[in-house]
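This report describes the fold of one protein chain for a reader new to it.

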Amino acid sequence: MSTETKTVNQPSLDDNAVREAYRWWAPIYDYSFGMIAGPGRRLAVDKLNEEHGRILEVGVGTGLSLPRYRTDLDVTGIDLSPEMLSKAAQRVNRLGLRRKTLLVMDASRLSFADESFDAAAVMYVMTVVPEPAAVMAELRRVLKPGGTAIIVNHFSREKGARAGVEKWLAKYSRSLGWHPIFPIQNVTEAPGFELVDATDAAPLGVFTLLRLKKVG
């Protein structure tokens, strides 16, 4: 973690803070951040559709991604927010989606057996979870050897105008429900993973898609 990150006043998050933030977001998510995050979400699912077998989506939210998966993929979506999952369940039922399972679960304490999934996606979640390192460790545990992890997220800058905005926002992290200061190394240097490629995701390159492979 960079020296800059340590010196920024960024209140820590916990499960209650995240649940409270997304209880508020759930009714409007699809028409606010859900739209902004759309291009990155579509790019992530396009890459996951190149995979086979069982897919885990961490932080499935209101299920905006679910209709885009190949119909032969078994997709399990988890989220900490019951309100968000309720919206996802409504979407699954309304669209008649099959092979989709939704579960309330903490991403840092997954209840799945080791090596249960062929690929996993974590979209716009890593800056939200209280323990990012625990989430990466759990991803490694539940992925099969050589499995793919797709991470889409905002990663903070150390210099420039955007870095200044991120520092200012950091003090409101509990109210926002996410951490504006989040170095990319938290993901790219996670033990047991190798970075395959990184792609800027619209809009304006604010988000980055990382494709990693489980190694070791």
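The protein chain has an accessible surface of about 10300 Å², and 53% of that surface belongs to carbon and sulfur atoms. The model is predicted. Among the 216 residues of the protein chain, 50% count as buried. The secondary structure comprises nine helices and seven strands. For contacts between residues at least 6 apart in sequence, 70% join residues at least 24 apart.

**The sheet**

An open sheet is formed by seven strands, ordered β3-β2-β1-β4-β5-β7-β6, with mixed pairing. Its edge strands, β3 (100-104) and β6 (193-201), each pair on one side only. From one strand to the next, the twist averages 15°.

Strands of a sheet pair through backbone hydrogen bonds, either parallel or antiparallel. Strand β5 (residues 143-154) and strand β7 (residues 207-214) run antiparallel and are joined by seven bridges. Within this part of the sheet, V152 stands opposite L209 in β7.

**Helices on the sheet**

Helix α4 packs on the sheet, and helix α6 lies across strands β1, β4, β5, β6 and β7. The table gives the residues, the strands concerned and one angle for each helix.

| Helix | Residues | Strands | Angle |
|---|---|---|---|
| α4 | residues 38-48 | touches β1, β4, β5, β6 and β7 | about 175° with β4 |
| α6 | residues 132-142 | lies across β1, β4, β5, β6 and β7 | about 150° to β5 |

Of the strands touched by helix α4, β1 covers 54-58 and β4 covers 117-123.

Key: Residues numbered from 1 in each chain as written. Predicted model: local features only at pLDDT ≥ 70, side-chain atom pairs only at ≥ 80, totals over all residues. Heavy atoms only, no water. Pairing = 2+ DSSP bridges. Helix = DSSP H or I, 4+ residues; strand = E, 2+ residues; numbered from the N terminus. Axes fitted to C-alpha atoms, helices over the stretch in contact; angles between N-to-C directions. Contact = heavy atoms within 4.5 Å. Buried < 20%, exposed > 50% of the residue type's maximum accessible area, 1.4 Å probe, protein only. Areas by Shrake-Rupley, 256 points an atom, 1.4 Å probe, with all protein chains shown as cover.
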